[in-house]
Amino acid sequence: AAPVNGHYLVADTFNGAVAVVDPANPDGREKHCLAGGGPGRLAVTDDGVWHDDYWSPLFIKSDFDGGLLEWAGKPFARTGGLTWDGERLWAIDSGAHRLCATERVETP
């Protein structure tokens, strides 16, 4: 789950989407699709949300309307969690029991 604009996004791995939950009305959930078909762990940024996609070997960032902003290859198979520190995306590598920071690499 991740807080966004007074609501919570909750990964719905059964439906391949996120549920948008209003804390004032937790039973009135809305389904919302992100870029990438299998949102799992979530990390919110100022302009969108990263997720660990369980259908692909990627971390995918969507804007709040579900549009693709960027993506990064996952360097390991089992992600235990994601977080955004304002500059970098951090991920837990459950297989090796370590915390990893992603870095942007510019290709020539």
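In which sense do E7 and strand E8 pair, and over how many bridges? The two strands, E7 and E8 (residues 68–73), pair in the antiparallel sense, and 5 bridges link them. The model is a predicted one.

**Strand E7 and its two partners**

- Strand E7 spans residues 58–62 and is mostly covered, with 4 of its 5 residues buried.
- Strand E6 (residues 49–53) runs antiparallel to E7, and the two are joined by 4 bridges.
- E6 and E7 make up a hairpin in which 4 residues lie between the strands.
- E7 and E8 also form a hairpin, here with 5 residues between the strands. In this hairpin, Gly66 adopts a positive phi near 100°.
- Phe59 of E7 is the bridge partner of Asp52, and Phe59 also has a bridge partner in E8, namely Ala72.
- As background, the strands of a sheet pair through backbone hydrogen bonds, in either a parallel or an antiparallel manner.

**Ser62 within E7**

- Ser62 belongs to strand E7.
- Ser62 counts as buried because its relative accessibility is 0%, where the cut-off for buried is under 20%.
- The side chain of Ser62 reaches the backbone nitrogen of Ala35 at a distance of 2.8 Å.
- Leaving aside residues up to four places away in sequence, Ser62 touches Leu34, Ala35, Asp47, Gly48, Val49, Gly67 and Leu69.

**The open sheet E1-E2-E3-E4**

- Four strands in the order E1-E2-E3-E4 form an open sheet with antiparallel pairing.
- Strand E1 (2–4) and strand E4 (25–32) are the edge strands, each of which pairs on one side only.
- From one strand to the next, the twist averages 35°.
- E1 pairs with strand E2 (residues 7–12) in the antiparallel sense over 3 bridges.
- Ala2 has Leu9, in E2, as its bridge partner.

**Two loop residues with positive phi**

- Most residues other than glycine have a negative phi.
- Asn5 has a positive phi of about 50° although it is not a glycine, and Asn5 lies in the loop between E1 and E2.
- Is Asn5 buried or exposed? Asn5 counts as exposed because its relative accessibility is 66%, and the cut-off for exposed is over 50%.
- His97 is likewise not a glycine and has a positive phi of about 55°.
- The loop that holds His97 runs between strand E10 (89–93) and strand E11 (98–101).
- With a relative accessible area of 72%, His97 is exposed.

**The largest pocket**

- The space in the largest pocket amounts to about 290 Å³.
- Its lining consists of 16 residues. Those nearest the centre of the pocket are Trp50, Glu70, Trp84, Thr102 and Arg104.
- Which strand gives the largest share of the lining of the largest pocket? E8 does, with 3 residues.

Terms used. Residues numbered from 1 in each chain as written. Predicted model: local features only at pLDDT ≥ 70, side-chain atom pairs only at ≥ 80, totals over all residues. Heavy atoms only, no water. Buried < 20%, exposed > 50% of the residue type's maximum accessible area, 1.4 Å probe, protein only. Pairing = 2+ DSSP bridges. Axes fitted to C-alpha atoms, helices over the stretch in contact; angles between N-to-C directions. Polar contact = N/O pair within 3.5 Å; in protein donor to acceptor, adjacent residues only side chain to side chain. Contact = heavy atoms within 4.5 Å. 1 Å grid on protein atoms, 1.4 Å probe; cavity = no way out; pocket = protein on both sides within 12 Å on 5 of 7 lines; lining within 4 Å. Points joined across faces, edges and corners; volume = space filled by probe spheres on them.
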